[in-house]
Amino acid sequence: MEPVRNLKLSDAIADHLEQLILEGALRPGERLAAERELAEKLEVSRPSLREALEKLQRRGLIETNRSGTCVTQFMAPLTEPLAAMMQANDQALLDYLEYRGLVEGEAARLAALRATEPEREALKACLDKMRAAHEKDDPSDEAEADADLHMLIYEGSHNLVMLHIMRAFADMLRHGVFYNRHQLYTHPGARDDLLQQHLAIGEAVLARDPERAQEAASRHMESTAATLRAIRDEQTRVARALRRMGRSEFVAP
């Protein structure tokens, strides 16, 4: 029988790692350090760590495969069927934008109030990355910085429910469930507007101005929604025109 001391230690390790997952320090899909290295970092024995990892695996929070031990995509049982349904639904984009409009301003407001100094430094670095991508005319890098900025704001809000829900939505967005972010950045005139909107949000958060941050984030979502509606309307018109041009294929000579 194992000593009680070891059982308690493994529970403490498991709880600590679970807390890191809950807080977003360990993210879905990320690979943990090798067992020996992780035990050294936590200053615990490898048997205690191994037992703790087994507990987390039973809870569905980690999994082991050929590449090592990873945090599971624990939101996938919800998001995967949801994504399949939404991808085939024309209303999904409008509902998604409406939802983002509700939460984005509040996330920015909370981040302005709650973001820690390390989070503020990460936000500054992201804004610099966004400016650099804009200057070298790289829509892909700029779209990536866009996604990073919003996630940093969710993290800075220190609302764990908001963080995990919006991270799940961000993963869906990366797979094109709602819209193509690259397509947004290549729409005429959109890149300059998006840069200024993101800078306004980030600078308001850094200035610890919650009202200005909330207003900037809300304006950004309104503008994004308008641009995406314009893109969709244009795509509808093009598709309609192509069908008219190809009508001869369906008409008897």
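1. The buried residues of helix α11 are covered by elements that include α5, α7, α9 (181–185) and α10 (190–206). Contact here means heavy atoms within 4.5 Å. Helices are DSSP runs of H or I with at least four residues, strands are runs of E with at least two, and both are numbered from the N terminus.

2. Some ground rules. The model is predicted: local features need pLDDT of at least 70, side-chain atom pairs count only at pLDDT 80 or more, and totals for chains, interfaces and linings use all residues. Residues are numbered from 1 along each chain as its sequence is written, and side-chain values use heavy atoms, with hydrogens and water left out.

3. Helix α11 spans residues 210–245, 36 residues in all. From first C-alpha to last, α11 reaches 52 Å, close to the expected 52 Å at 1.5 Å a residue. The expected span is 1.5 Å times one less than the number of residues.

4. Which residues of α11 are buried? They are Pro210, Ala213, Ala216, Ala217, His220, Met221, Thr224, Ala225, Thr227, Leu228 and Ile231. Buried means under 20% relative accessible area, exposed over 50%, and partly exposed in between (1.4 Å probe, protein chains only).

5. Now the cavities. The count is 3 cavities of 30 Å³ or more. A cavity is a set of points, on a 1 Å grid over the protein atoms alone, where a 1.4 Å probe fits but cannot get out; lining residues have an atom within 4 Å of a point. Points are joined across faces, edges and corners, and the volume is the space filled by probe spheres set on them.

6. The largest cavity holds about 70 Å³. Its lining includes Tyr96, Arg100, His150, Phe169 and Arg181. Helices α5 (91–114), α7 (139–157) and α8 (160–174) each supply at least two lining residues. Helix α7 gives the most, with 4. By class, the lining has 7 nonpolar, 1 polar and 2 charged residues. Ala, Val, Leu, Ile, Met, Phe, Trp, Tyr, Cys and Pro count as nonpolar, Asp, Glu, Lys and Arg as charged, and the others, Gly among them, as polar.

7. The second largest cavity holds about 50 Å³. Among its lining residues are Glu119, Arg120, Gly156 and Val205. Helices α6 (117–135) and α7 are the elements that give two or more residues to this lining. The classes come to 6 nonpolar, 1 polar and 2 charged.

8. Last, the strands. β1 (residues 62–65) and β2 (residues 68–71) run antiparallel, joined by 4 bridges. Strands pair if DSSP finds at least two bridges between them. Ile62 has Val71 of β2 as its bridge partner. The two strands form a hairpin with 2 residues between them.

Conventions. 1 Å grid on protein atoms, 1.4 Å probe; cavity = no way out; pocket = protein on both sides within 12 Å on 5 of 7 lines; lining within 4 Å.
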